[in-house]
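Me: I've got a model to go through with you. Can you take my questions one by one?

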Amino acid sequence: MAHDAGLIALSVLEALFQLGLLLVLAPVLGWCLDGLPFWLAGRAGGAVRFRLLGAGRFWKAVLWSPLGGRPALALTVGVLALVCLPAVTTGSVLSPLVDPLVMGLMLLMGRGFLGPGVLSGEASRLVPAVLLLCLTEALIALAAPGTDGLGGLCAMLHIEPEPGLEGALAACALALGIACPPLRSEDVTGMLSGVRDRQEREAARSIADVLNCGWLLLLADLAWPVSVGLAQGGVQGWWLGLVALVARLALAVGVAVGLRLMAQERSARLTALFAGVALLLALAGRFGT
């Protein structure tokens, strides 16, 4: 009994550490998404320290005067995603309950809650993203029936590697990243076109960083599930999982920035191509064993 209570306490502590770490990384990832394309194109971008200072002011303001309405719902969705998705290891208390379809739909709804005016382009790109999430869920059910959420899928692939399923998930993640890329700074500006309050606009940008961080983590978990450490790995497995988390997020940011620089974001042709590749890999892996 005491042993079980200790394991639950460790799981809760890991979930809280994961949340704190990802909230710190969220503005850094946001700066990378907005600033790296300018740097790589030879133009100056904003300094990351200003992004961090803005996020710090936002969280301080939230503690003193909580948000209301749509921004609060968007922030709740983003924070819930960061605490639930497998990040360091599969031992987080809520990771076995995470369903990729449900979590993806929540993050997409969070975008809609972000501002009063959702862009028509933003609304239109949600449709293929929903279809791709349904395809991902179907492929997991086909190739790995009975897995216990995304955390259970990561643990299963550690024990019984399935290259077909892993390749299919990576293709699905890439298709999702093409069809529905992380929010750009100009996307958030367009959503807030009717908002005149400066503090509300700054808060929305920080919330967008949280939502982008959750979306990138979901795509990274799907693309590289075996990089999530096992709960039974001990201290060494935990540290390896932490390093793998940074590498996984860096890879996701690199792919997102690369797609933006190559002007391949929201390409219907590439989205359909990788969705078809995912289906073929899953079928080949399923019937080839």
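Me: How does the lining of the second largest pocket divide into nonpolar, polar and charged?
Reply: Seven residues are nonpolar, four are polar and one is charged. Here Ala, Val, Leu, Ile, Met, Phe, Trp, Tyr, Cys and Pro count as nonpolar, Asp, Glu, Lys and Arg as charged, and the others, Gly among them, as polar.

Me: What kind of model is it, and how are the values set up?
Reply: It is predicted: local features need pLDDT of at least 70, side-chain atom pairs need 80 or more, and totals for chains, interfaces and linings use all residues. Residues are numbered from 1 along each chain as its sequence is written, and side-chain values use heavy atoms, with hydrogens and water left out.

Me: Back to that pocket. How much space lies in it?
Reply: About 340 Å³. A pocket is an open set of points on a 1 Å grid over the protein atoms alone, where a 1.4 Å probe fits, with protein on both sides within 12 Å along at least five of seven lines; lining residues have an atom within 4 Å of a point.

Me: Which residues lie nearest its centre?
Reply: Leu 10, Glu 14, Thr 89, Ala 231 and Trp 238, out of twelve lining residues.

Me: Which helix gives the most to the lining?
Reply: H1, with five residues. Helix H1 (2-40) and helix H10 (234-261) each supply at least two. Helices are DSSP runs of H or I, at least four residues, numbered from the N terminus.

Me: New topic. How many aromatic pairs are there?
Reply: Three. Trp 31 and Trp 39 make an edge-to-face pair, 5.7 Å centre to centre, with 85 degrees between the planes. Ring centres must lie within 6.5 Å to pair, and planes over 60 degrees apart count as edge-to-face.

Me: Is Trp 31 buried or exposed?
Reply: Buried, because its relative accessibility is 14%. The cut-offs are under 20% for buried, over 50% for exposed and in between for partly exposed, with a 1.4 Å probe and protein chains only. Trp 39 is exposed, at 51%.

Me: What about Trp 238 and Trp 239?
Reply: They are edge-to-face too, 5.2 Å centre to centre, 90 degrees between the planes. Trp 238 is partly exposed at 22%, and Trp 239 is exposed at 51%. Together with Phe 17 they form one aromatic cluster.

Me: How many disulfides turn up?
Reply: Zero, in a search of the whole structure. A disulfide would be a pair of cysteine sulfur atoms within 2.5 Å. Cys 213 is buried at 1%, while Cys 134 is partly exposed at 37%.

Note on methods:
Rings of Phe, Tyr and Trp (its six-membered ring) pair if their centres lie within 6.5 Å; planes under 30 degrees apart count as stacked, over 60 as edge-to-face and the rest as tilted. Grid points are joined across faces, edges and corners, and a volume is the space filled by probe spheres set on the points.
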